[in-house]
Amino acid sequence: MGCISCAGLMKEDELAESVVTLRLREPTTIPIEADSICPDNFANRSRGEIEALPVFYGRRKMKLGELFEVEGEKSDTIILQGDLRQVKKIGQRMTRGRITVQGDVGMHLGAYMRGGEIVVEGNAGDWAGAHMQGGRIWIRGNAGHLLGAAYRGEKRGVNRGVIVVEGNAGREVGAQMRRGLIVVLGDVGEFAGAKMIAGTILVSGRLGARAGAGMKRGTIVALADHDELLPTFRYECRYQPVFLRYYLLRLREWGMTVGDEYVNGFYRRYHGDITALGKGELLIYDQR
Amino acid sequence: MYINGVEIEDTFAEAFKMRAARLIITAANEKWALTAAQVATGFATSVIACGAEAGIEGTISANETPDGRPGVSILVFTMGPKAMEDQLMRRVGQCIMTCPTTACFNGLESEEKLKIGGSLRYFGDGFQISKLIGGRRFWRIPVMESEFLVEESFGIKKAIGGGNFLILGESQQATLEAAERAVEAMREVRGVVMPFPGGIVRSGSKTTSRYKFLRASTNTAYCPTIRRQTESALPEGVNSVLEIVIDGLNEWAIREAMRVGIRAACRPGVVRISAGNYGGTLGQYQFHLREVVG
């Protein structure tokens, strides 16, 4: 675990009075594509209408109510229960409201989301927050690979929004991100910020190898250890970036514990990747 | 009406609509935040010749500023948005960016915004970096010392300029002491600045002149040295007059500043408290002294 810890984001009293609770009827090994589980779809629908929303169980089109027990109606606050590791695309394209996943969740969580908030109390699968354009995803456990990344073949990924992972994240965090903020309190795998166009990735644990490969602009901050940096990043100076103070203090406002040593501390600045535009930066905390 | 034996004249201060911006300047320590604030609000006593009226609203402790460093809040007033943009560009660019360790944040939430950091960024010669967080965009401009952080846009809002009162005293010393006490009390009120030197004006003006090339001239009715040569407004025993001008974000702030200022100024050696107006023909706001002091 890294240098920033989290005091807890969600409090029970913050939950809205009116909620829709979905409980997966039984665990499955067959993937479920459930992009219909979205606050925008639930806000004005009765329970019957919610149960009738389509989902794909493998290749079979089914009704949501056949796979999930539904409680509540007409609310943009959703609570999900059960073993959801095979449930994909939850909160895809959402623009409002809140989804709380009480456990683990599958791939593509909150992809393309534009607003609202998703809180995962367990782990999330690959591609969480892919192409996100606003809102906030908060994962209390670990995230898979390609957190906040662009889908293959796309030129640009995340464009605004915030992703926070309290645990570790896999490879290619924030690949091709254009704007926004990704905070990982644990370690990240290789190629964080690969081909990044802009935005900010802050890693409180260990920063994996080849960070920022091919990045044009943007910022990758490492508060702790890091694997060997690419030779295509050049050291520039050791300084106290004022903008980073602003960022770290916002993290404190969101409930994270950030030590004064990081807020007031010095950082080594490297620019790169010089095989691309070279205007990206790695800021490495320097505790000397 | 008398307060501590000082007459409160039955008259009013006339004030007019302006636009205001609030800048939060932070720095490595209070000394440099204050230095930047003092320079940025320099030569900003009157819009007539300075283009803006500005002053320090107050200091802000490190745990209340956006970047957790000591800060100073300044207010800038102009007659319109265009003049404000010009003034902020000059003052932020020449006075704040140049000052060691500073950063500059918007301190006024408003729908109406002016792009300031977004224009100053070009000083970075292509090496400037944009950062967007929580809906606020900042520019990091590389400078020789390290980096200047400035917010892209600054909110402006309709405000009020020209609130005032006059302190008519028996002597220069007594009048100055009263004015100093008044300004000290008024600085506790948020949302106002007193843009003149030390918050005090000794050379109040009227809006006419015998010279065609001049828009304003000395306020002859309140000049003790020529009281027998002009239509004087000075009662017997008055030998010195000082004015305090107040610009504020809203009517309430100006009223409150005038109230505490007038009350603080009512002390031995002061004969009368009056106010400057143009018969109600110029400004949209009138602050009646007796009503203000309650």
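**Entry 1: strand 18 of chain A and its partners**

I looked up the residue facing A:Gly272 and found A:Gly280, in strand 19 of chain A. The model is predicted. Strand 18 of chain A pairs with strand 19 (residues 280–286) of chain A in the antiparallel sense, over 7 bridges. I then turned to strand 16 (residues 234–239) of chain A, which pairs with strand 18 of chain A, again in the antiparallel sense, over 5 bridges. In that pairing I noted A:Cys237 opposite A:Arg269 of strand 18 of chain A. I also checked burial: strand 18 (residues 266–272) of chain A is largely enclosed by the rest of the structure, because 5 of its 7 residues are buried.

**Entry 2: second largest pocket**

I recorded a volume of about 790 Å³ for the second largest pocket. Its lining counts 35 residues, and A:Arg269, A:Lys279, B:Phe127, B:Gln128 and B:Ile129 lie nearest the centre. Strands 16, 18 and 19 of chain A each supply at least two lining residues, as do strand 8 (129–133) and strand 9 (136–142) of chain B. By class I noted 10 nonpolar, 12 polar and 13 charged residues in this lining.

**Entry 3: largest pocket**

For the largest pocket I noted about 1100 Å³ of space. Of its 39 lining residues, B:Ser46, B:Ile48, B:Ser205, B:Thr207 and B:Tyr278 are closest to the centre. Helix 2 of chain B gives the largest share of the lining, 4 residues. I found at least three lining residues from each of domain 1 (2–14 + 159–293) and domain 2 (19–157) of chain B. The lining of the largest pocket comprises 18 nonpolar, 14 polar and 7 charged residues.

Conventions:
Residues numbered from 1 in each chain as written. Chains lettered and ligands numbered in written order. Predicted model: local features only at pLDDT ≥ 70, side-chain atom pairs only at ≥ 80, totals over all residues. Heavy atoms only, no water. Buried < 20%, exposed > 50% of the residue type's maximum accessible area, 1.4 Å probe, protein only. Pairing = 2+ DSSP bridges. 1 Å grid on protein atoms, 1.4 Å probe; cavity = no way out; pocket = protein on both sides within 12 Å on 5 of 7 lines; lining within 4 Å. Points joined across faces, edges and corners; volume = space filled by probe spheres on them. Nonpolar A, V, L, I, M, F, W, Y, C, P; charged D, E, K, R; others polar. Domains from an automatic or database assignment.
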